[in-house]
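This report describes one protein model in plain terms.

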Amino acid sequence: MMYVASCPLRIALFGGSTDNPYFVEKYGRGSVINFTSNLKTYIALHQDKLGFNREGRKYIVNYSRTEEVSTIDEIQNEIVRNPLKHFDCPPLSITMKSDAYSQGSGLASSSAYTIALIKAITMFNGSRPLTNVEICELSYELELKSNKYAGYQDPYGCGIGGFKRMEFERGGVTKFSFLSQDLFDHFDMHLIFTGVTRNAEDVCRDVTDNLDKIKPLLKIADDAYDIIVQRDYDKMLYLIREGWEQKKKISSVITANQVIKDMDKAIEENDTVLAHRLCGAGNGGFFLTFSKKNTLKLPFHCVKVDIEPNGVTGRIL
């Protein structure tokens, strides 16, 4: 049997960096607004009956490269290694695919892959099914093994579907508030790949050294929540722009690459773009743009994105 799981990539609109565990620990609270997109990661998990897994006792991992190893500890891909080790899995074949560039995307692809893999493993094990929240909790625990600066929002932002506000207190996520999806009827949203990838841990480490500069983003996120509830989308666009300008002030690393600076300027000066921001920690990945329906004109390759109401899902083939 083949165990297939998918998890959407999340797109953050407000409050990014306030989910940093060091910020939450210091100031007691964080808040982000994000949505799960129709771009997804996919995991296919299989154990053969007479082949590399059962007879050869090999773990086969396929992503941008192929790994064939005899033990879990030999797997170089941390996204795969950590969940397999947690569940003490027997030799398996695992294939990873994504609808978007994964490495350094700013769309929390590492979290989405981890969540999808946990879902696939629990189906394979036939053990008690984990709720989506439990899967997200475990995903965050495993991600901390690789990145101690990992924010709270990535696993929950991917694994729990819809347009939502997430609030954090010391110890993790405390509250989800789901928002009207009317926003997606008013505007087109597009992603623009910068062609630049970065190590999120490096950016998050630098941001962690500037926690006091993150505080204005929390106020913007709180204001944005009220405005979105009131469906005052003109003010919301203003806050998107304000949040991006404030984000750039946190650390010079966020826009350190000249390509990012040049694209940011070109998008800012384009009349068809109502608001934009760089996704994720910064210094690479994707720009997100807002525009009126069917009006965007930019000299870059743009991909329209929409909301995906569901979080992680799985099925057995």
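C89 is buried, at a relative accessible area of 2%; buried stands for under 20% relative accessible area, exposed for over 50%, and partly exposed for values in between, with a 1.4 Å probe and protein chains only. The model is a predicted one, in which local features need pLDDT of at least 70 and side-chain atom pairs count only at pLDDT 80 or more, while totals for chains, interfaces and linings use all residues. Residues are numbered from 1 along each chain as its sequence is written, and side-chain values use heavy atoms, with hydrogens and water left out.

**Cysteines**

A disulfide is a covalent bond between the sulfur atoms of two cysteines. Here the term is applied to a pair of cysteine sulfur atoms within 2.5 Å, and the structure holds zero disulfides. For C89, the closest cysteine sulfur is that of C7, and because it lies 18 Å away, it is too far for a bond. C136 is in no disulfide either, and its nearest cysteine sulfur, in C7, is 7.1 Å away. C136 is buried, with a relative accessibility of 0%.

Helices (H or I, at least four residues) and strands (E, at least two) are DSSP runs numbered from the N terminus. Helix α9 covers residues 233-250, which makes 18 residues. From its first C-alpha to its last, α9 reaches 26 Å, close to the expected 26 Å, where the expected span is 1.5 Å times one less than the number of residues. The buried residues of α9 include I240, G243, W244 and K247.

H276 sits in strand β9, residues 275-278, and is buried at 3% relative accessibility. Which residues does H276 touch, not counting those up to four places away in sequence? They are I240, W244, D264, I267, E268, F287, L288 and T289, where contact means heavy atoms within 4.5 Å. With D264 there is also a polar contact between the two side chains, at 2.6 Å. A polar contact is a pair of N or O atoms within 3.5 Å; within protein, one must be able to donate a hydrogen and the other to accept it, and residues adjacent in sequence count only if both atoms are side-chain atoms.

**Spaces**

On a 1 Å grid over the protein atoms alone, a cavity is a set of points where a 1.4 Å probe fits but cannot get out, and a pocket is an open set with protein on both sides within 12 Å along at least five of seven lines; lining residues have an atom within 4 Å of a point. Grid points are joined across faces, edges and corners, and a volume is the space filled by probe spheres set on the points.

| Space | Volume | Largest share of the lining |
|---|---|---|
| Second largest pocket | About 160 Å³ | β8 (188-193), three residues |
| Largest cavity | About 60 Å³ | α9, three residues |

The structure holds one cavity of 30 Å³ or more. The lining of the largest cavity includes G243, W244, K247 and R277. Elements giving two or more residues to this lining are β1 (2-14), α8 (215-230) and α9. Among the residues lining the second largest pocket are L39, D99, Y101, F193 and H301.

**Positive phi angles**

S17 is not a glycine, yet its phi is positive, near 90°. S17 belongs to the loop between β1 and α1 (21-27) and is buried at 12% relative accessibility. D88, also not a glycine, has a positive phi of about 50°. D88 lies in the loop between α2 (78-87) and β5 (93-98) and is exposed, with a relative accessible area of 64%.
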